[in-house]
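Reader: Please take me through one part of this structure closely, in a single connected account, and give the cut-off behind each term as you use it.

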Amino acid sequence: MTRPEFGTRFGVLMTFIGVAVGLGNVWRFPYMVGAFGGGAFLLIYVIMLAAFGIPALMAELTLGRMTRRGPFEVFARIGMPGGRVVGWVLMVTVFMAVTYYTVIVGWVLKYFLISITGAIEHIDPEAFFSSVLDGFSGQFVMTAIVTVCAATVLGLGVRRGAERVSAVGIPILFLLLLVLIARSLTLPGAGQGLVYYLVPDLSKVTPGVLTAALGQVFFSMSLGGTFMLTYATYLPGTTDLARSAIGVGVGETLAAVLAGLVIVPAAVVFGLELNSGPPLTFVTVPNIFAQLPSGALFAACFFGLLFYAAFLSDVAAFEVLVTALVDAFGWSRMRSTVGVCGAALAVGTVSMLSLDYIVTSDLVWGSIMQPVGSALALIGLAWVVGLSRGLEEVNRGADRPVVGRFWFYWIKYVVPIGIAMILVFGMRDLFRTLLG
């Protein structure tokens with residue numbers, strides 16, 4: 001079977017930015033900034049992106065295009081010992097992650113719907129968030145809508161589905177962010193929040209900030225040997241992988257920084273807690289919009305773009321699983337899509353019953369297993385594929401070879417050390433959560 005390929009360079013870039021830009025950028029990044037030192041976190045994040053994120057992304061793109069197989073088969077195909085077991089582990093990781101992630105995307109859809117009705121200006125944010133979590137039937141309906149929409153995009157295929165949706169939606173997403181930034185920065189006193197966000201206080205740079213920034217890089221770029229690797233299997237040989245990786249890194253970071261410019265200055269103006277963690281989006285942000293003239297309109301823009309960003313990442317997760325079934329068992333794309341989406345919705349009902357389950361699941365499948373998957377991709381390319389084949393593939397499609405031995409040895413020895421740091425702190429947080 002001939003593997004489909006992306007149609008245009010612009011479509012490739014927008015699709016990969018769509019994979020990277022999700023809840024990690026618009027939801028998680030602003031509260032991480034608040035919790036870990038403001039501008040200091042932002043500075044360290046940019047450094048970690050250049051030093052670890054982009055090199056690791058180049059490795060995943062290289063491995064995916066080289067093998068033309070998703071994570072279920074790629075490790076066995078390159079000859080990694082236990083490669084099929086590794087594939088199964090990564091598939092379970094993606095499946096479990098998508099079951100709770102889709103539920104959260106359903107929450108965002110709920111907030112978008114109440115925003116366009118104007119009702120968000122009249123709710124008690126904390127009470128409403130609690131009602132969303134307590135309402136099983138409401139969560140199920142929203143999650144089912146998200147799942148059906150994802151299945152529709154998947155059914156159209158890579159070029160007519162993910163590429164076309166991303167090519168139209170990602171530019172609109174950035175335009176909406178700029179509109180919201182203009183409103184946020186024109187608030188009286190926004191300058192104080194801007195200083196906190198953009199001016200680094202180096203005294204706040206601690207080992208915890210370093211690790212948090214590095215973990216956020218892997219989370220927000222969707223690194224983990226699955227998402228990016230799978231989409232890379234659809235890249236034509238003419239794609240410049242190094243340039244694409246840099247473009248994706250710049251695009252996803254720009255989205256995160258712009259999202260912070262929407263939330264951080266406004267939160268400072270209204271005296272709201274920036275380090276409130278995950279509730280920042282669902283509790284603090286509605287409080288912001290409730291105090292703004294035409295707040296419902298701006299809330300609809302915010303939650304609309306948040307939903308779109310989250311939805312594209314959700315589609316990418318489903319795509320990993322669909323591709324795995326097509327490659328491994330020869331199923332049709334339609335049969336694979338229906339099977340994956342149906343199973344994810346069924347298992348996702350557990351997430352609708354317990355917020356603690358979601359928090360623990362995110363620590364296990366996101367904070368721990370996602371870096372493990374990225375490490376496995378790096379091991380596969382650097383230690384199994386080897387130097388000559390790796391450099392040949394990463395430079396294929398470039399006007400002239402620009403990636404050399406330094407990159408190869410960097411991903412072979414240095415990046416895994418960073419991943420080990422993430423895992424150590426991720427395991428610490430997991431045990432703290434489990435032990436109460």
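Author: In the largest nonpolar core, which has 155 residues, Phe 302 and Trp 407 touch the most other members. Helix H14 (residues 295-329) gives the most to this core, contributing 23 residues. Such a core is a set of buried Ala, Val, Leu, Ile, Met, Phe, Trp, Tyr and Cys residues joined through side-chain atoms within 4.5 Å, where buried means under 20% relative accessible area, exposed means over 50%, and partly exposed lies in between (1.4 Å probe, protein chains only). Helices are DSSP runs (H or I, at least four residues), as strands are (E, at least two), numbered from the N terminus. The model is predicted, with local features needing pLDDT of at least 70 and side-chain atom pairs counting only at pLDDT 80 or more, while totals for chains, interfaces and linings use all residues. Residues are numbered from 1 along each chain as its sequence is written, and side-chain values use heavy atoms, with hydrogens and water left out.

Leaving out residues up to four places away in sequence, Trp 407 touches Pro 55, Met 58, Ala 59, Thr 62, Leu 381, Leu 391 and Val 394, contact meaning heavy atoms within 4.5 Å. Met 58 and Thr 62 are also among the residues of H3 that meet H12, where their counterparts include Ala 245, Gly 249 and Thr 253. Helix H3 (residues 39-67) packs against helix H12 (residues 241-269) at an angle of about 140°, with the axes 9 Å apart; axes are lines fitted to C-alpha atoms, for helices over the stretch in contact, and angles run from 0 to 180 degrees between N-to-C directions. The two helices are therefore oblique to each other, a class for angles that are not roughly parallel (under 35 degrees), roughly antiparallel (over 145) or roughly perpendicular (65 to 115).

Ser 374, in helix H16 (residues 355-385), counts as buried because its relative accessibility is 1%.

Arg 68 lies in the loop between H3 and H4 and has a positive phi of about 60° although it is not a glycine. Most residues other than glycine have a negative phi.
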